[in-house]
Amino acid sequence: MLTASFRRPALLDAWLSRWGILDWLRLFWCAAVLWYELGSYVWSLGWCSWPDSGLSPARERPVHLLLVADPQVRDLSTSRTTAFAAIHQYLVDLTLRRNWYFASRRSPDVVVFLGDILASWRSIKSDEEYERNYNKFLNIFRLDRRIPSYFVPGNNDVGLNIDTSSARQARQRFTTHFGPLNQHIRVRNHTLVMLDAAGLVEEDYLRAAKYIDYDRWTPLARGAVEFVHSLKEEADQTRPAILFSHIPLHRPDTASCGPLRERGTIRRGVGPSYQNTLGKKTTAFLLKSVTPEIVFSADDKDHCDYVHVPPRAVATDATSANATTIAQPQNVREITLKAFSPTSEIRHPGFQLLSLIDPSSEARTSSLATTACFFPDYPSVYTWRYLPLFFLTALTLIFLRRRKLRSPTSLPSHLTESELSKSFSLNSPWSRQPHPLTPFSPDWSPRTPGFYTPHPRSPNGSPQDSFPKDSLRAPISRSASHSNVSSLGRDSQHLRLPTTPTFRATTIPRTDDDGHPQHLPTGPAHLDVDELDDEFAYARYDQRQPFRVKLERDGDEGAVDADEFAFTFTLYGRRRRISLWIPLLSKSGRATLTGRRRSKRAFAKRVVKDLAYIMWPAVVLWVVLVWLVS
C-alpha cells in the first residue's frame, strides 16, 4: 500500500508491519540526510587526532597548532549574480562553515592561516566591500579570542606582479585587518616564521633582472629578503624554525607528492598574479638562511609531501673561533596543505594538525609531529547524492502509482459487488459462488450442468433490468426458445428449457432502414442469433459469394458519432465492422482527451503529495543539522 498508517500498535513487530512504502521511503531519506550531513564527517574525521604519540615523552602537555590553507571566502551580496552562481556560493559557504565546525572541535591552542584568506583582491573595489568580505570571514570562522590566530599573506590577498598603487592598497588592507606581512613568533621554544611569499617573488624578479645573487643583493626596505636576513642574524640553534610560506618551494617537475595526493604533482608555472613555486635560487636562499626544521606551504590546493636536500653549508665550531668545519646538509621536509575550501581541483578538502613540545638536546628531531586530516566530499552530496535519490524516489512513486491503478482486484470481477458485475451474474440474489458457464464459455454445451437447471428467479426481476443499454450482449426471450426448439425435431427431447435468460454476443446494434430497433429473431437457444436472420443461418449461403461489403457514410441517421466512418462487410458468414474515428473532431473525443488530461493532473498531484509526505521530515532534519553543525 502507498498510504501510511497512523495507528499505534503495542508491539514493535505489529507497528512495523503496518508501515507502508511511503513510511519506509521517509525513513530512508531521514537516514540519508543524517549520514551525509553528520555521519560522513564523523566517519572521515574519526581517526584524525593530534599526533602526540609521535613525540618524545614529555612532562608538559604538547602545544597544538591547527593549520588552515586557502579558505577563499567571498561575499556576493552586492554583485549581480545568476541563480546558479548564488546557489553554488551558498553551498561553498555552507561547506566552509561545516568544515570549520568539525576542525575547531579539535580544540587547538594556535591557529595559522596559510594565505588566500579572501577569494581575490581583484573582486574588491572599495574599502566597504573589503569590510563585508572580512566580516563574512569572521562569521564563518568564528575564532575564540583566547586562541591566538596568525595569517600568512597569499597572492589572492595582496596580489602578485600588479601595479604599484593596487599592490600598496591591497597590502595596506591586509595589514590593517589580518596583521603584518612578515613575522615570526615563538611557541614552546620553536620559531614560527611566516613569510610574505608573494613579496619575495616580486623582489626575486627585480634581483634576477639585474643578474645579482642574493649575497650581493641590497634588500628592499621592509621587504621579504630583509626579513629573511634578520632571521639569519637572530638564528638560534636551540630553537628549531618552522617556515610557513603560501607558495611552495622549488622542486623537480617529476617529484612525487606521496600517496595522499589525489592527482598529478606540483609543476612550475607562472601566470597573471600567480606563480606555482618559488625559484630555484630563492628556495636555496631560504633553506640556507632560515634552516627550517619543516616547511608548510599552500596555494596548490592538493596535498604534497616532499623532502628537500639543501646545499652544503659552512658552520662555525663553538670551541674555537678560528676553526671551521663543513656541516652536513640536513634534509628538510615540506608539506603542502590541502585547500580548506571546496574546489574543482580536489574532492576532499583538508587541514593539518601540528603538535610541539620543548626540544631537548637528546631528542631534537622528535620535538614536533604532524598529520593531515581530510573532509568528505560534501558539495557532491547535493549533485551526486540528493538529486539522483530524489529522481529515483519520484520514479519509484510513479511506478508504484501506475501499478496500483493497473493492478486487478483481489477477487474476480464477478465476485465484486458492483452494478456492472451484478448485471453479468446469472445467480440472483447476489452470492459469492462460482460463476456458471455460459454459451460464451469454451466448455459450454446444451447439456452443461447448472445452466439449464431451473432455480428461483430473483425477487428484483430479471438481470436484464440492470443491464447497460449499450451492452454488447442481448437476451433471447424464453418464448423464442420454446418456439424454435420444436423445429429441431426429435433431438429436442434431450433439451430442457432454461428458466434464466441466455445472453448472446453481438457487435452491431440491429436497426431497420428507418433507424427503428428490430425485434430479435427467434431460434434455438444454442444457435447464434446472427444465423437466424440471414441466408447463412443454416448453411444456405452461396460459397461463390464469400465477401460482401456495405459502406455507411458519416452523418447517417442512427450513427453514434457524426465523425465516424463505418465500414461493414460480411466474410464467410461472419459480419465485421471497421470504424474510423477522429478524436479531435468529435465531441466525445474531445471529452475523452480532456478527461485524460484531468486524470494525468490528478495522477501528478498524487505523486507530488507522496513526495511531500516523504520529504518534509528529511527537510526539517536538514535544517536542524545546518543550524546546529555550522
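Q: Where in this predicted model is the place of serine 341?
A: In this predicted model, serine 341 sits in the loop between β13 (332–336) and β14 (350–356).

Q: Why does serine 341 count as buried?
A: Buried means under 20% relative accessible area. Serine 341 has 2% relative accessibility, and therefore counts as buried.

Q: With which residues is serine 341 in contact, leaving aside its neighbours within four places in sequence?
A: Contact requires heavy atoms within 4.5 Å. With those neighbours left aside, the partners of serine 341 are Asp70, Pro71, Val92, Leu96 and Pro349.

Q: What makes a set of residues a nonpolar core?
A: Its members must be buried residues of the nonpolar kinds, joined through side-chain atoms within 4.5 Å. The largest such core here has 82 residues, and those with the most contacts inside it are Phe113, Phe137, Phe141, Phe340 and Phe351. Helix α13 (residues 587–628) gives the largest share of this core, nine residues. At least three residues come from each of domain 1 (22–50 + 380–403 + 605–629) and domain 2 (55–312 + 328–376). Apart from this core lies another, of 22 residues, including Leu114, Phe296, Leu354 and Leu356.

Q: What is phenylalanine 351 in contact with, leaving aside its neighbours within four places in sequence?
A: Among the contacts of phenylalanine 351 beyond those neighbours are Leu45, Leu66, Leu67, Arg106, Phe340 and Phe375.

Q: Which residues of helix α9 (residues 280–290) are buried?
A: The buried residues of helix α9 are Thr282, Thr283, Phe285, Leu286, Leu287, Ser289 and Val290. Threonine 291 follows α9 and has a positive phi, near 45°.

Technical notes: Residues numbered from 1 in each chain as written. Predicted model: local features only at pLDDT ≥ 70, side-chain atom pairs only at ≥ 80, totals over all residues. Heavy atoms only, no water. Buried < 20%, exposed > 50% of the residue type's maximum accessible area, 1.4 Å probe, protein only. Helix = DSSP H or I, 4+ residues; strand = E, 2+ residues; numbered from the N terminus. Domains from an automatic or database assignment.
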